[in-house]
Structures are given as C-alpha cells and as structure tokens.
Amino acid sequence: MAAATPLLAACGGLGSSKSTDTTRKTIKIGFVSPRTGATAGFGEPDAYVLELARKAFGSDVQILDRDSQSNPQRSAQVANDLINGDQVDLMLTTSTPETVNPVSDACEAAGVPCVSTVVPWEAWYFGRGAKPDDKQAYKFTYHFCFGVEQFHNMYTHEWPQVATNKKVGVMWPNDSDGNAIRAALGPLLKQSGYTIVDPGAYTDGTNDFSAQIARFKAEKCEIFNTFPIPPDFATFWRQAAQQGYRPKICQVAKTGLFPSQVEALGDIGVDIAGGAYWAPTYPYKSSLTGVTSQALGDGYQAAGKQWNQQLGPSLALFDVAAAALKAADPKDKQALAKAIGSLDVETPIGRLQWGKGPNANVVATPILGGQWIKATDSRYKVEFVLVENSSDPNVPVAAKLREYRG
C-alpha cells in the first residue's frame, strides 16, 4: 500500500541508502490477543485485521502475533518472549484483563512501549496498581477504552426504554473487571435510582449459580447485569432459564459481544442486551489503511463471516502504532513511549487524543447500547442493533430496546 512508504520515511528513512545500520533494521511490532480459551471470541477477526495492517505497513515492518490462550500466565510468557527473544520495538495487545494486563505489566517492567484496548480503563489502570490520585502511573504503557462512566451513561439511557421496577440483580466476579465495576458502577447506578442486589463476588469458572438465581427471584430483580467470562454467563443463563428466572432486561458485558457467543445460547440468546464499542455504522475510518468502518464490516462479511465488533479496536491499535512510528524514532523506546502520550489519531472507533484525560495514560472511548435480535439477513441467525448512543451521538440508533422474551 502506498501509505507504507511515507510512514517509513518518517521513521528515519528506513531502507534508504543514507540509513545507518540501526535505522535500516526491520521495525518489529508484537500483537497479543486471545484466539483460544475462554475469551477466544475476541480473537475471531485477528487474521483479517492483521492482513490489512501488514499490507499497509509493507515489508519493513514485521508484525509478530501471538495467542494468549485467554490465560494470564500465558499472556505474560508470550509478552516476555516477544520482548526478550524477538526484541520488539512496540507491543500491541487487546481484549480482557486476563490478556492485556500481564502484557502491559511485562512491557512496563522491560521499558517497551505498549498500547492496549478492550479492557474497561479502570480495570487496566487501577487493576495494575495505580492509585486514584495518580495522573500518570505508567511510563511505557498506554490504553484506550471505555470505562465505568460510559457504561453508566449507556445503562441509564437504555434501561428506561423498558418499564421495570429498577431492581438490578448483578453478578460481578472476583476479577479485575468485576472489582472495578463493583467499586465504581454500583454507586453510580444507585445515585440514578436503581436498587442493586449483589449476592457477592464469585470465582471465575463457577459452575453452580443456584444461590444467585434464587436471590434474584426472591428480590424480583427485573434487570440483570453481569461482567463475566463468556463460559460463566452461558452456564448461568442456561441455569436461570431452567430455574425460572427471566428478567425484563438481561444486560451483559465482556460476553454477548459477538454473534458466535449469542448463537451458542440458542433461543435464550435472542433479546439479550449488550454494549458496542464499534459497529460498521460508526462514521469513522482507519488512518493507516484508509478503510471506513462500513467497508471494514462489509469486507469481513465478504470474506465469509458476520461482522464482529472487535474489528474496530483491533485495527485502531495499528492506526495508533503507525502514528507513533511517525512521531518518534522506532528504535528509541523512551522517545516512542513519550510520543504515544501526545498522539491524536483517526481510527475506526473515532478520534483518539491522549492528554485529555481521564489521566495521561488513558483515552476514554464510547460504548453504545444495543440488543441481539433474530437476523433479518437469511445468512445469519442473530444480529446486533444499536438502541442508544449517549457516548457518541454521531453513531445512528437503529431500534428501541424491547423486553427480554426468551
């Protein structure tokens, strides 16, 4: 792609006759995501995004992609292998604290610039040890993602579309996501007039949710909210159906993001509400590839699969990488990390501007409300429609939230 040439020229003339031996070396980017294991749904579009990125960067940039297997120990291992063995210049990582946080920690410890996404920013920032008054807790690791404020906006604009008693049964696990949500989202929802029924933090991998279901039924919780790993929600939701718990709104996060996850539930997956951090109707494009959001989704579907919202942030990581490589010497890790902290980048999920808060390491991005319905396209079983856009009014709403009928 033509864009590769000016990018490399801006990186210090890589490949030119005047380059030194150091600058002539290939730039290496590490990319770590979950392709197998409990959160494998996030990795489904990896191959497609990586092909776009590799074509855009050209031969002087090598992208080394690794599977975290949805496991924190594996995530740390592959990160350290990329840092010490492959000697990457820049690391990219995405999707859940189980993958992203260990990779970020490894990079911070080794002094390797890292950009990450798709972990609620509080779970990434505070989950790794930052304190509430820290304005820049990390020197080498940066992040862009939605946070508790965006979830609160989404829920308080989405839930009133269905009449309920405003009692919310929650299952927030004992992990980085669950602990961050319990600490910050719970109080905000209470301030907005919702009653939170919280049976307490549970361990990831729990296989019997009878006690929680009984509590939600006894308390008449007409709204249900959870932030689980996907297999845990599948277990809970099947048990809830068997035991007669059917809330008017079933609002999930961290699962229910991708068609494959919802299809696996069968009929009880229809009408589940979820969040969207990207969709083909986002009116933005990739600065690296020039691909619009609509073209990104259409291209993926033309390749044989229904669009997956992970396409947007995964490609955005490479937009940020390209901007960083233009802004500083790729072989100077301190300069590269510093440059990331002041980037302003156009991506499929919108404009990313570091330095505008909530802290120096993080850009808070939108998450919009939507719902899974039976597909109107005969090629697919379900489809996701947006029902609220409070975090980004530029994205069109397609429907109104309806009561869960599964």
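Let's start at an opening in the protein: helix 12 (293-302) and strand 16 (382-388) each supply at least two residues to the lining of the largest pocket. That lining counts 20 residues in total, and Pro280, Thr281, Trp307, Glu383 and Phe384 are the ones nearest the centre of the pocket. The volume of this largest pocket comes to about 350 Å³.

Before going further, keep in mind that you're looking at a predicted model. The mean pLDDT of the chain is 94, with 94% of the residues at 70 or more. Two stretches call for some care, though. Over residues 1-6 the pLDDT stays under 50, and the model gives this piece 10 contacts beyond four places in sequence. Residues 12-23 also have a pLDDT below 50, with 16 contacts in the model beyond near neighbours in sequence.

Rolling a probe the size of a water molecule over the atoms shows where empty space is left. Across the whole structure, a search turns up four cavities of 30 Å³ or more. The largest cavity has a volume of about 150 Å³. Around the largest cavity sit 18 lining residues, and nearest its centre are Pro120, Phe146, Phe151, Ala253 and Lys254. Helix 7 (residues 148-158) gives the most to this lining, namely three residues.

For a wider view, take the database record. UniProt, in an unreviewed entry, lists residues 26-356 as "domain: Leucine-binding protein". In the model, that span is 40% helix and 17% strand, and its end C-alpha atoms lie 33 Å apart. Pro358 itself has its place in strand 13 (residues 358-359).

A couple of backbone details are worth a stop too. Ser70 isn't a glycine, yet its phi is positive, near 60°. You'll find Ser70 in the loop between strand 2 (61-67) and helix 4 (72-85). Is Ser70 buried or exposed? Its relative accessibility is 14%, under the 20% cut-off, so Ser70 counts as buried.

At Gln87, phi is again positive in a residue other than glycine, this time near 55°. Gln87 belongs to the loop between helix 4 and strand 3 (90-94). Here the relative accessible area is 55%, and because the cut-off for exposed is over 50%, Gln87 is exposed.

One last stop is Ala47, which lies in helix 3 (residues 46-57). Its relative accessibility of 54% is over 50%, so Ala47 counts as exposed. From Ala47 to Arg35 it's 12 residues in sequence, and in space the two are 10.0 Å apart, C-alpha to C-alpha.

Technical notes. Residues are numbered from 1 along each chain as its sequence is written. This is a predicted model: local features need pLDDT of at least 70, side-chain atom pairs count only at pLDDT 80 or more; totals for chains, interfaces and linings use all residues. Side-chain values use heavy atoms; hydrogens and water are left out. pLDDT is the predictor's confidence in each residue, from 0 to 100. Contact means heavy atoms within 4.5 Å. UniProt positions are given in the numbering used here, feature names are shortened, and annotations may be inferred rather than shown by experiment. Helices (H or I, at least four residues) and strands (E, at least two) are DSSP runs, numbered from the N terminus. Buried means under 20% relative accessible area, exposed over 50%, partly exposed in between (1.4 Å probe, protein chains only). On a 1 Å grid over the protein atoms alone, a cavity is a set of points where a 1.4 Å probe fits but cannot get out, and a pocket is an open set with protein on both sides within 12 Å along at least five of seven lines; lining residues have an atom within 4 Å of a point. Grid points are joined across faces, edges and corners, and a volume is the space filled by probe spheres set on the points.
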